[in-house]
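Subject: Handing over the two-chain model

Hi there,

Here is the structure I promised to pass on to you. Have a look at it first, and then read on for what I found.

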Amino acid sequence: MRSTQNVVKAEKQPETGHFSDPPLFVLASLANGPKHGHAMIEDIAHLCGTRLGPGTLYGAITRLEQQGWIEPLPPEERRRPYRITPKGLRALRSKLTTLLQFSKAGLRRLEA
Amino acid sequence: MNPRLARLLMRLYPRAWRERYGEEFEALLLAGRGGLRTSANVVWSALSEHAFPTQGAEMHQSPVTFVAITRQPSAFLPMAMSLIALALVLGNLGSDLIQNGHILREADEGTTAHLWQLLMVGQLPVLAFFAIKWLPRAPGQTLKVLALQAGAVLANLAVVFFSGVG
């Protein structure tokens, strides 16, 4: 029988928690073309490793549509694709720029 | 996901939301794997949509009138409970006056008093639900209904206090 006494456990990555901003994820997912809900969930999971629940996704979609940052396209069967609007693109660019500046500043502090 | 479960979960959302997003949302649920975590996520999101409803976009929400809001079960139930409680107390006082010529103070609280207490306390969670659900949507109309409900509660307390049967 194999003993487990001397098995060295793989070093775990420190838990840093999830960065979660569903509206930002949706905007980023739509930045390279229109998508329907299921495609957005898969794309966001591929993009950042976070799998949004359907309720969370549609919570973000309704609010983004309300803000005029995304707009619905004609439905394909029962699924409806969405696309980002010029206003949404500006908002996404602004949010990502802020995040980039934040990341750069944080990394500089770590290197100092 | 099971089609019946998907339909059930979709129906948890407010009507205006369902009319706009229901079909595509149900299609998304059907395409997904389902499971407890997904269901919990949808239930929580539906409750959030009730508490903080999305407005605008293509959702045509009918304006909330005072009459429409009083037709909500959570609006008329507390009022009905208060009126039933008041009728119980007044009925009890009336029967005492007819039978004995004066109001009797029972040593034990009695069935009427217990029923009155249950009705008064039982309406509190319904009132809280009504306030949480409707204050963000129609503050003016909701406050009017809450004022009416408060009036009914005060009328009950006044009758109990002044008759000395409490």
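Before anything else, one term: contact here means heavy atoms within 4.5 Å. Helices (H or I, at least four residues) and strands (E, at least two) are DSSP runs, numbered from the N terminus. This is a predicted model, in which local features need pLDDT of at least 70, side-chain atom pairs count only at pLDDT 80 or more, and totals for chains, interfaces and linings use all residues. Residues are numbered from 1 along each chain as its sequence is written, chains are lettered from A and ligands numbered from 1 in the order in which they are written, and side-chain values use heavy atoms, with hydrogens and water left out.

On confidence, the predictor gives the complex an ipTM of 0.73 and a pTM of 0.57.

Chain A holds 4 helices and 2 strands, in the order α-α-α-β-β-α along the sequence. It has 112 residues, and 34% of them are buried. Buried means under 20% relative accessible area, exposed over 50%, and partly exposed in between (1.4 Å probe, protein chains only). Chain B has 7 helices and 0 strands, and buried residues make up 37% of its 166 residues.

Among contacts with a separation of 6 or more, residues 24 or more positions apart account for 46% in chain A and for 75% in chain B. The accessible surface (Shrake-Rupley method with a 1.4 Å probe; for residues, only the protein chains shown count as cover) is about 7900 Å² for chain A, with 55% from carbon and sulfur atoms. For chain B the figure is about 9900 Å², with 67% on those atoms.

Where the chains meet

The contact between them takes 20 residues from chain A and 25 residues from chain B. Together they bury about 1700 Å², 53% of it on carbon and sulfur atoms; buried area is the accessible area (1.4 Å probe) that two parts lose on being put together, summed over both. On the chain B side, Glu24(B), Leu28(B) and Asn41(B) lose the most area to chain A, together 29% of what that side buries.

The cores

A nonpolar core is a set of buried Ala, Val, Leu, Ile, Met, Phe, Trp, Tyr and Cys residues joined through side-chain atoms within 4.5 Å. The largest one has 32 residues, and the members that touch the most others are Val26(A), Leu57(A), Tyr58(A), Ile61(A), Tyr82(A) and Phe25(B). At least two residues of this core come from each of H1 (22-30), H2 (37-48), H3 (54-67), E2 and H4 (86-111) of chain A, and from each of H1 (3-10), H2 (15-31) and H3 (36-51) of chain B. Leaving aside residues up to four places away in sequence, Val26(A) touches Met40(A), Ile44(A), Leu57(A), Ala60(A) and Leu64(A). A second, separate core has 8 residues, including Leu93(B), Trp116(B), Leu119(B) and Val160(B).

Helix H5 of chain B (residues 73-100) has 28 residues and reaches 39 Å from its first C-alpha to its last, close to the 40 Å expected at 1.5 Å a residue. That expected span is 1.5 Å times one less than the number of residues. Among its buried residues are Met81(B), Ala85(B), Val89(B) and Leu93(B). An α-helix has 3.6 residues a turn, so residues three or four places apart point the same way. The buried residues of H5(B) pack against helix H4 (66-70), helix H6 (110-134) and helix H7 (139-163) of chain B. Just after H5(B), Gly101(B) takes a positive phi of about 80°.

A few single residues

Glu77(A) also has a positive phi, of about 55°, although it is not a glycine. Glu77(A) sits in the loop between strands E1 (70-72) and E2 (82-84) of chain A, and is exposed, with a relative accessible area of 80%.

In helix H3 of chain B, where Ser39(B) lies, that serine is buried at 14% relative accessible area. Ser39(B) touches Met1(B), Leu5(B) and Leu9(B), not counting residues up to four places away in sequence. Leu47(B) is found in helix H3 of chain B too, but is exposed, with a relative accessible area of 51%.
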